[in-house]
Structure formats: C-alpha cells, structure tokens
Amino acid sequence: MSRFFDDLETRSADERAAALTVALPKQIARAQGLPGYGDALKGFDAAKIRSVEDLATLPVLRKSDLSRAQEADYPFGGLTTKPASGFAHIFQSPGPIYEPGGIEHDWWRMGRFLNACGIGKGDIVQNCFGYHLTPAGMIFESGARAVGAAVLPAGTGQTELQARAAHDVGVTAYSGTPDYLKVILDKAEAMGLALKITKAAVGGGALFPSLRQEYADRGIACLQSYATADLGNIAYETEAMEGMIVDESVVVEIVRPGTGDPVAPGEVGEVVVTTLNPDYPLIRFATGDLSAVLAGQSPCGRTNMRIKGWMGRADQTTKIKGMFVRPEQVAQLVAKHADIVKARVIAGRDGEMDTMTVQIETEAQSPDAYAASVVDVLKMKGKIQLVAPGDLPNDGKVIEDQRSYD
C-alpha cells in the first residue's frame with residue numbers, strides 16, 4: 001500500500017491554487033444552471049470565481065435552504081446535474097433530507113481517509129455504519145473499494161453475531177462510530193474469541209482521547225474522519241494526529257456563525273464547504289459545525305490545509321425572555337457599527353427571570369452608543385458590556401447560554 005492515496009495529497013500550494021482556477025469556474029457554472037439555486041447565483045460571473053477568496057463573494061447555502069428546495073422539487077431540490085434515476089443510490093437522512101449516491105470510483109472520497117488509516121489490499125473491513133436509508137454504510141464501503149479492501153457489511157446491532165463474524169472471517173479493520181468497536185471487542189472477549197483487528201476508521205461521533213488510548217492499548221490504531229451525508233468526506237486524520245487534512249476535492253472556509261464572512265486564520269467559526277463533485281455541486285454549503293484552521297503543514301507529508309476537527313455546533317439559537325436570538329442577529333448588530341470587532345450574547349438568570357448581556361469588542365467607551373441597535377436588532381433590552389478587541393474567547397460562540405437546567 002502506498003503511503004499516499006495519490007499525488008494530489010502532496011501538491012504545492014501553487015499547484016493546488018492553479019487547479020482551483022480551473023475547477024471552480026466550471027463548478028459555479030454548473031450550479032448556476034440548476035433550478036434549485038434559483039436567483040441565488042445569478043449576476044455572478046462564474047469565470048471570475050477562481051479562488052477561495054473569490055468564493056467568499058457568493059451567498060451561503062444552508063440546510064434550511066436545502067430543505068425548502070427539496071420540498072419544492074423532490075427528491076434533490078433541483079440541485080443535482082442528473083435526475084434521481086441517474087444515480088446508483090438515493091438516501092434519506094433525518095429531516096427528511098434526500099442525498100444522492102454514486103458507485104463511480106471513490107464517489108464519496110473516503111478512500112483517501114482509509115488509506116491514511118493503513119487500510120488496503122489484504123484487509124477485511126467490518127463496516128458497522130448503517131446501510132438502511134442513510135448513506136454512511138455505503139460511504140465507507142465505497143472507500144474500502146477504492147483502496148482494494150474486502151468488506152463485511154455488518155451494519156449496526158446484533159453484537160454477538162458481529163463478534164462471531166469478526167473472528168470467523170478474520171476481520172483486520174473496523175469502520176463505524178468510535179464507541180461501538182469497544183462493544184464488539186468486549187463481547188468477543190467475553191465469548192473467548194480472539195480478533196485480528198489492528199486498524200479502525202471512525203466517524204459520526206466524538207472520539208475521546210481515553211477511548212483512543214484504550215484501543216491503542218489493545219493494539220488498534222484508531223483515526224477519525226469528518227464527513228457529512230451531503231458532502232461526503234471533508235477532512236481526515238493521518239498518523240500524525242495533528243488536526244485533520246482537508247480533502248483534495250472540497251474547498252473549506254471558516255466563517256463567522258450566521259454570516260458568510262471568513263474569520264481570521266486560527267479563529268473558530270462555522271465550516272462552509274464547496275464540493276467539486278460535478279454530480280452534486282453544493283456551493284458554500286454551511287455544515288453547522290465549528291472548527292478552525294490549524295497553521296502549518298502536517299508532519300505526515302500531506303500539504304493541504306488542516307482544520308482542528310469538530311469543535312461544536314454553530315447553530316446557537318437561544319430563547320431569551322421568550323424570544324429567539326439567532327447568530328444572524330448578532331452578525332447584524334456587528335454590521336451596524338464599524339467600530340465593533342465582534343459581539344457575544346450571554347443568556348443568564350436573575351432569580352426566576354432571564355437576563356441578556358451583550359458583550360461588544362470595541363475601543364469605544366460608551367455602552368449607550370449601542371443600546372438602540374441592541375433593541376432594534378435583538379428585539380429586547382439587555383446589559384451592554386464593552387471589552388477590548390481580542391478579549392472575547394476564540395471558541396466560535398456568538399451566543400452563550402449560561403443558565404442551569406438542572
């Protein structure tokens with residue numbers, strides 16, 4: 001097995017940028033021709049969208065937009081370049097949201113991650129992601145096929161049978177949620193079955209350091225990927241285990257929650273992804289997840305941008321005094337005053353009453369200068385605290401709920 005999946009993983013920054021100048025205009029043009037985008041991309045010259053910076057001029061596509069498009073035109077909302085009958089699979093995720101799936105080589109781009117896990121020819125992967133309706137099972141099976149590994153399509157549940165099959169078949173690798181592997185290992189141990197699993201490719205949940213260490217103590221190298229049903233693989237860990245490498249066929253931006261505005265390098269924000277998949281050209285699709293760019297290049301030798309991994313959810317909508325406060329409103333408040341660097345709304349309690357504190361990063365000295373804007377945008381009065389630029393935490397939060405629900 002090759003150390004790298006292909007030559008794309010070790011391109012120079014100039015080579016990667018040059019490839020984007022060709023790929024992005026084509027992808028934007030494809031999207032502009034799709035009815036699902038409506039007027040969202042009209043008026044933009046696709047030929048001029050040639051870089052990540054250029055992408056920032058385009059609107060963000062949110063899950064709610066996807067839902068509305070699909071409700072108007074099932075199943076894919078007019079956002080695919082082929083009809084539903086032209087795809088190998090059609091999936092349904094909670095919502096419901098429908099996703100297309102292909103069986104062309106590494107359609108979901110998961111092979112890159114499995115290769116980084118050391119999985120390849122000669123391996124048998126016990127794939128414990130679900131195969132019914134949702135796409136995770138097929139996403140990982142597609143990746144296994146791309147690296148030449150055999151698959152035991154185990155799905156979820158029936159742990160005793162899973163342990164027996166892993167032993168009898170000689171499974172060498174696991175794919176599934178981080179915690180379910182432990183369930184299988186413990187069951188096999190209780191049944192007196194020796195397993196040969198030495199590699200694990202996980203996703204769909206948090207991989208806690210203690211669990212990763214437990215697997216290491218049992219001789220299993222466990223790495224995680226960051227993928228969604230809509231986009232496929234977005235980023236993945238390698239043996240270096242320093243952040244996640246962004247996949248070569250997506251463009252990742254980190255933006256201020258509630259906006260499409262890129263944050264400063266290293267600042268936590270919402271992950272926005274543009275996929276270069278010609279069948280399903282999602283442009284600036286907001287994942288709702290928080291992350292940050294990790295500076296520098298991975299010691300593993302792959303050269304693409306790294307992100308810190310999943311750092312929480314960007315949708316921080318919170319009800320205060322019976323009113324919903326949304327990240328978009330906080331962004332509007334910042335936009336109303338040129339001197340505001342960023343802002344944060346804190347929900348608290350005073351006895352049995354909700355309180356709202358608005359923290360504003362600014363060099364200004366008078367909170368009164370923002371009182372009218374707070375009422376106008378957030379639709380209620382609140383205490384205003386001024387803090388110096390750079391003093392608010394770098395955690396991606398624009399709304400923080402400090403109330404106890406115990």
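A salt bridge here is a side-chain nitrogen of Lys or Arg within 4 Å of a carboxyl oxygen of Asp or Glu. The structure holds 33 of them. It is a predicted model, in which local features need pLDDT of at least 70, side-chain atom pairs count only at pLDDT 80 or more, and totals for chains, interfaces and linings use all residues. Residues are numbered from 1 along each chain as its sequence is written, and side-chain values use heavy atoms, with hydrogens and water left out.

Start with Asp39 and Lys42. Their closest N and O atoms are 3.2 Å apart. Both residues are exposed (over 50% relative accessible area; buried is under 20%, partly exposed in between; 1.4 Å probe, protein chains only).

Now take Arg112 and Asp247. Their side chains meet in a salt bridge at 3.1 Å, N to O. This pair links distant parts of the chain, 135 residues apart: Arg112 sits in helix H4 (residues 111–116), Asp247 in the loop between strand E9 (244–246) and strand E10 (250–255). Helices (H or I, at least four residues) and strands (E, at least two) are DSSP runs, numbered from the N terminus. Arg112 and Asp247 are both buried. They also belong to a network of salt bridges that links Asp6, Glu9, Arg109, Arg112, Glu239, Asp247 and Arg302.

A further salt bridge joins Lys342 to Glu267, with the closest N and O atoms 3.6 Å apart. Lys342 lies in the loop between helix H9 (327–336) and strand E17 (343–350), and Glu267 in the loop between E10 and strand E11 (269–275), so the pair ties together parts 75 residues apart in sequence. Lys342 is buried, at 14% relative accessible area. Glu267 is buried too, at 14%.

A cavity is a set of points, on a 1 Å grid over the protein atoms alone, where a 1.4 Å probe fits but cannot get out; lining residues have an atom within 4 Å of a point. Grid points are joined across faces, edges and corners, and a volume is the space filled by probe spheres set on the points. Three cavities reach 30 Å³ or more.

Conventions: On a 1 Å grid over the protein atoms alone, a cavity is a set of points where a 1.4 Å probe fits but cannot get out, and a pocket is an open set with protein on both sides within 12 Å along at least five of seven lines; lining residues have an atom within 4 Å of a point.
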